[in-house]
Amino acid sequence: MGIASRLCDAIIMSEEGRLGLSGPEVIETTCGVEEFDSRDRALVWRTVGGKHRYLLGEADALVADDIDAFRKQALAFLDAKPDLSLEGLSKEHAFLGDRIGRFGDCRDALDIWRRLGVDKPENLPLLEAEEFCAAVADKRVL
Amino acid sequence: MDARILLDQLFPAGHKIAFDGLYFDGVGQTPQGEVAVIGSVDAAPIGVELAFRMAGAVLEIVRLHPGRPILLLVDTQGQRLSHRDELLGINGYMAHLAKCLELARTSGHRIIGLVYSQAVSGGFLASSLLSDRCYALPDAQVQVMNLPSMSRITKIPLERLKELSQTSPVFAPGVQNYLRMGAVYSLWEGDLSQRLAEALAAPDEGDRRRKWGEERGGRKMARSVADRVQHAAG
C-alpha cells in the first residue's frame, strides 16, 4: 500500500503514521534484527514516520494525531492536482535523483536531518506537529 | 533462463542491449520495428537506485522514441529489504516508476511484460504487473511475498501457510496460479520471437485481468464486486 499511497494526489500524515514499502517486521524477519529492529519504536518512527516523510517531501502535510486536523488538511488538498505529464514526471525524476545524491550515504534519519540544516535533529521527535512544522519550514525538501 | 540467451531468442534479427550490474536496457529488432527493452538479472532486489534507473529509461523512451513498444524483462526477488531503502522512501521510487509506465502507456507505447525467471512482491507490482499484458515463461516463479514474512505479518503459523499455499491460487508460488488469477495472460513456449510478434500485434483491450481471472476460476469475485462498485458509483 506504500506504493498506492504515493500514487495519490496528496498525502497527509501524523507523526505516528508510518509510510514505507516493507514493514520493519518484514525486514527484521528476512534480514535480521541488525538490519532493522522493529521493536525500537523511536527508530521506526524516525525512519518511516510522518515527520521524516514530511521533511523528505514524501508527505505533503504533517498534522497532529487528531481527526479534525486531518479533516481540515484534507479539505485544503481537495483541489490538489499532480502534474503527470512528461514534464511533470521529469521534474519528479530529478527530485528523486537529487535525494539519492544528497542522502544516499546516510545511515539514519538524524544524519539526513542534520544535512538539511536542522540544528538539533535529536529534538525533532519531541516537538508537537505545529511547532515541528514551524521549526522545519525552511529546511524540508521541496 | 539466462537473459542473454533469452534476448537472442526474442530478437533473432539482432539487438543492442547494454548490461550494467543487475540492470540492462537497449533496443531489439523485430519485423514490426524496434522494441525498447528494460530489465534486470539475477533475481535483482529492486532498491531505490534500480527503480529510479528504470523510471529514467522509461522517460527517455517517451521523450526520444514516441510510440516505440516497451518490453519489460524484470527478474526480481522483490523490493530491496533494507533500512536504508525505507529511509530514502523506496515506496516513492516504486510509485514514480509506476507513474512513468502509465505515462508511456497513455502516450501510445505498448508495454509488454515477460517474467522469464522470478517475479516477487513490490518488484513485480511496480514493473511487469503494470504492462498491458504480462506473459511468463513456463518455468518462471511468481510470488506475492515470501511465506516466512507473511507468517510474521498475519500471525498465521508457517506450517499452516505452506498447507494453504497448496490449494489457494492467491498466495501459492509458481506461475500457474498467476495464470489462473489472470495476472499473467499466457505462457510463452516454442519460438519466442513469434510469441513476441503476436504480443505486439495483439489488440489493446485495456485492463481485462479481472475478467480473465474469473473465466479461469482463480479470482472469482473481483470482477463482480468491481462491477457492483462501479454501478453504485454511476
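## Surface and charges

Chain A exposes about 7,700 Å², and carbon and sulfur atoms supply 51% of that (areas come from the Shrake-Rupley method with a 1.4 Å probe, and for residues only the protein chains shown count as cover). Keep in mind that this is a predicted model: local features need pLDDT of at least 70, side-chain atom pairs count only at pLDDT 80 or more, and totals for chains, interfaces and linings use all residues. Residues are numbered from 1 along each chain as its sequence is written, and side-chain values use heavy atoms, leaving out hydrogens and water.

As for charges, the mean positions of the 19 positive and 28 negative ones in chain A sit 2 Å apart. Lys and Arg count as positive, Asp and Glu as negative, while His and the chain ends are not counted; each charge is placed at NZ of Lys, CZ of Arg, CG of Asp or CD of Glu.

## Overall build

Chain A has 8 helices and 2 strands (DSSP runs: H or I of at least four residues for helices, E of at least two for strands, numbered from the N terminus). From the N terminus on, they run α-β-α-α-α-β-α-α-α-α. The C-alpha trace spans about 45 × 35 × 30 Å along its principal axes.

## A look at Arg46

A:Arg46 belongs to helix H3, residues 41–48 of chain A. With a relative accessible area of 18%, A:Arg46 is buried (under 20%; over 50% is exposed, in between is partly exposed, with a 1.4 Å probe and protein chains only). Among the residues that A:Arg46 touches are A:Trp113 and B:Leu87 (heavy atoms within 4.5 Å).

Note on methods. Chains lettered and ligands numbered in written order. Lists of a residue's contacts leave out its neighbours within four places in sequence.
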